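Look over the sequence and the 3D view, then read on.

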Amino acid sequence: MAQIESTPSFVQAAYDRMATSLKVVRQRLNRPLSLAEKIVYGHLDHPGQAEILRGKSYLELRPDRVAMQDATAQMALLQFMTSGLPDVAVPSTVHCDHLIQAEVGSSPDLARANTENKEVYDFLSSVCDKYGLGFWRPGSGIIHQVVLETYAFPGGLMIGTDSHTPNAGGLGMVAIGVGGADAVDVMAGLPWELKAPKLIGVKLTGALQGWTSPKDVILKLAGILTVKGGTGAIVEYFGPGVDAISCTGMGTICNMGAEIGATTSLFPFNHRMADYLRATGRGEIAALAEGFAEHLRADEGCQYDQVVEIDLSTLEPHINGPFTPDLAWPLSKFAAAVKEKGYPEELKVGLIGSCTNSSYEDMERAASVARQALEHGVKARSTFTITPGSEQIRATIERDGQMATFTAVGGMVLANACGPCIGQWKRHDIQKGDRNSIITSFNRNFAARNDANPETCAFVASPEIVTAFVLAGRLTFNPETDPLPGADGRPFMLVPPSGDSLPRKGYDKGQATYQAPPEDRHRIDVKIDPASQRLQKLEPFKAWGGVDLTDLYILIKAQGKCTTDHISAAGPWLRFRGHLDNISNNLLIGATNAFNGAVNRVKNQLTGDYEEVPKVARAYKAAGIDWVVVGDENYGEGSSREHAAMEPRHLGGRAIIVKSFARIHETNLKKQGMLPLTFADPKDYDRLQEDDRLSILGLATFAPGVPLTLVARHADGREDWIMLNHTFNAGQISWFKAGSALNLMGGKAKQ
Ligand code: F3S
């Protein structure tokens, strides 16, 4: 498989397959289809036989593409290598964006990353060369921005090993964030399984006004639907308001759909997408999509499971946070909320850019705000950082002057990479533990995500609102009503932002940062130093022993939010993403223990001491004791990182028993041979005690739809019998039995 680009002939072939499949599906379903249904069902492996029941059946799909970022690609490619295949089966790319730490600015930060991460970059580069993947070198940009600029196409189906993969929905693609194990399946030529998604329709009317931007659509929607509201569903936008939003604005909205737990989000193909395709040098694909347009929008009369309506004309700018992206404040109410809740009023840092909000339009509009300040002799009162989403954006805003405006107002341009968005931020202005406020145009604001400081109150808004706030230096500023003091002491009002959505002079591609695989690639040797601290060859997990699981300890009963950041922290731990044993030292260190309210302090049942979670897990593993994690609602929300599933498995975990799961994490656990189980009655969570010994019964007859039984034997000898539900289908049960999905694929289950 040497084909990597989404060339016109590749897109045409994808459309031909989709049209053929849809014909079959239409005959079977005989009803109007939504756009998401057309794309998903148009990629069915067996359209004639597949059971199609929204929210119920599992679909076997054939994605068109795979994209991976450098943190998740390491483990995915280590897994792919164990399959023994010579090439990836579908066009696949790797993007070096997550490992670059922001500190003093773009060039020095990038140079330092190239040195510090050399071993990992060399590994990824050689694996890409050997197995036929496209490699985007450090500095080329953030995965989702590069995908939108280069590979996404209307009607396509893509999976990506990053939760914000849905960004490509801005170009009408069904793009879904998955764990590395799913990527391995697809790269190995296997169909990819997805539970047939439900559909949430979002009807947009009116047009955006003044300070309101596309970001505010998703900030508002997050407030309506909450972080769980999109679980198991594709969010499909429609209505007359759609055409008023730029293609990249639609990308922003889809990107942050991950924050409501949606499987993905997407927009129907329209002229804004065609304009963007042409502006990025893909005129032939725009023409193909125009010819295929009837399949790239919803049928009249299609049914959604839920419909939300948002009137863009009356939509206010929003600021969401802190600590959760669904705490949505309209701008007019935000200053009062800051005071009432006691959030630190002083704004320490404002950060714009990231994969969510670094389009040309975003940069234009933010620069139009900054320019007004300069005209009044004013500079940013808070620290101000700018993260271009790609080399193409960086070069274009450098040419067109927005970057000069940002630096003139006091901003620091960071590398084209994730940086502070993923905790890769060497922050010097505060100490860990200092309570302070920051505001970003990113998508995610869980505690400690940006700077590893749980006391940082991180808010999320549009880049133009962030820019206005850094000019004021405080969170209680409202640019719609409050003046700013000019250098001459005279107050002035900022006028609402403005700017082109596409560059008039076209995009400047900037420096060449892409590496295609060479012709004679099969002789390339991929080396992993056995002494490496960052890369480790994988060993297969042990197969299930054929009997029920008994005498399990509770490692931790997590209370409240337990995201993949709590389970497998990012930031400094990113460097161990390719080394399972080393990264396992971060297992659940962010989770709150329900038994003592403490973070990273759990009882070691062997000694009675309270110790760090990974230390206790290792002690149990050394003693040959299996254990479980008990959790609360929406366990594993946040990201697709399979390390959050591999680490407990590696350290001896057998089951994760919770009130409810986030979809990607639940699937990831299954892939690694774990048992993700849910309390049939969520109140049973309260029955489990610190010293309990647990048994999971019914595994000999483990079958789809049949609950399992948990027996909790308490210290006083009493027992509670608790019903546990699961969502395993037959194929997934065979993963559990083999020890992991990969074991089954390679036939390598250790007995
Ligand atoms: Fe990177 Fe943050 Fe996006 S981590 S991929 S910039 S969500």
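How many bridges join S1 to strand S7? Four bridges join S1 to S7 (residues 192–195), and the two strands run antiparallel. Two strands count as paired if DSSP finds at least two bridges between them. Helices (H or I, at least four residues) and strands (E, at least two) are DSSP runs, numbered from the N terminus.

This is a predicted model: local features need pLDDT of at least 70, side-chain atom pairs count only at pLDDT 80 or more, and totals for chains, interfaces and linings use all residues. Residues are numbered from 1 along each chain as its sequence is written.

**The whole chain**

- The protein chain has 23 helices and 30 strands.
- A compact globule of 751 residues would have a radius of gyration near 27 Å, and the protein chain has 25 Å, so the two agree. The radius is taken over C-alpha atoms, and the globule rule is 2.2 Å times the number of residues to the power 0.38.
- Along its principal axes, the C-alpha trace of the protein chain spans about 75 × 60 × 55 Å.
- Of the 751 residues, 58% count as buried. A residue is buried if 20 or more other C-beta atoms lie within 10 Å of its own, exposed if 12 or fewer, and partly exposed in between, with C-beta atoms placed from the backbone.
- Take the contacts between residues at least 6 apart in sequence: 78% join residues at least 24 apart. Two residues are in contact if their C-beta atoms, placed from the backbone, lie within 7 Å.

**Domains and the ligand**

- The domain assignment gives domain 1 (8–313), domain 2 (317–475) and domain 3 (549–742). Such bounds come from an automatic or database domain assignment.
- The C-alpha centres of domain 1 and domain 3 lie 30 Å apart.
- Between these two domains, 26 residues of domain 1 are in contact with 21 residues of domain 3.
- On the side of domain 1 that touches domain 3, helix H3 (70–83) and helix H7 (180–187) are the elements that give two or more residues. H3 gives the largest share, seven residues.
- By class, that side of domain 1 has 10 nonpolar, 14 polar and two charged residues. Ala, Val, Leu, Ile, Met, Phe, Trp, Tyr, Cys and Pro count as nonpolar, Asp, Glu, Lys and Arg as charged, and the others, Gly among them, as polar.
- The ligand is surrounded by 13 residues, and the closest are Ser 354, Cys 355, Cys 418, Cys 421 and Ile 422.
- The shell around the ligand has seven nonpolar, four polar and two charged residues.
- Why does the ligand lie between domain 1 and domain 2? Both domains give residues to its shell, so the ligand lies between them.

**Strands with two faces**

- In a regular strand the side chains alternate between the two faces of the sheet.
- S1 (residues 58–61) alternates along its length.
- Tyr 58 has Lys 195 in S7 as its bridge partner.
- Strand S29 (residues 708–713) has a covered face of Leu 708, Leu 710 and Ala 712. Its uncovered face holds Thr 709, Val 711 and Arg 713.
- Five bridges join S29 to strand S28 (residues 693–697), and these two run antiparallel. Ala 712 stands opposite Leu 694.
- Six bridges join S29 to strand S30 (residues 719–725), also antiparallel. Arg 713 has Glu 719 in S30 as its bridge partner.
- S29 and S30 form a hairpin with five residues between them. In the turn, Gly 717 has a positive phi of about 90°.

**A covered helix**

- In helix H16 (residues 463–472), 10 of its 10 residues are buried.
- Among the elements that cover H16 are strand S14 (347–353) and helix H13 (360–375).
- Gly 473 follows H16, and its phi is positive, near 75°.

**Two single residues**

- Gly 169 sits in the loop between strand S5 (157–160) and strand S6 (174–177). Gly 169 is buried, because 31 other C-beta atoms lie within 10 Å.
- Phe 492 is in strand S20 (residues 491–492). Phe 492 counts as partly exposed because it has 15 C-beta neighbours inside 10 Å.

Notes
A residue is near a molecule or strand if its C-beta atom, placed from the backbone, lies within 6 Å of it.
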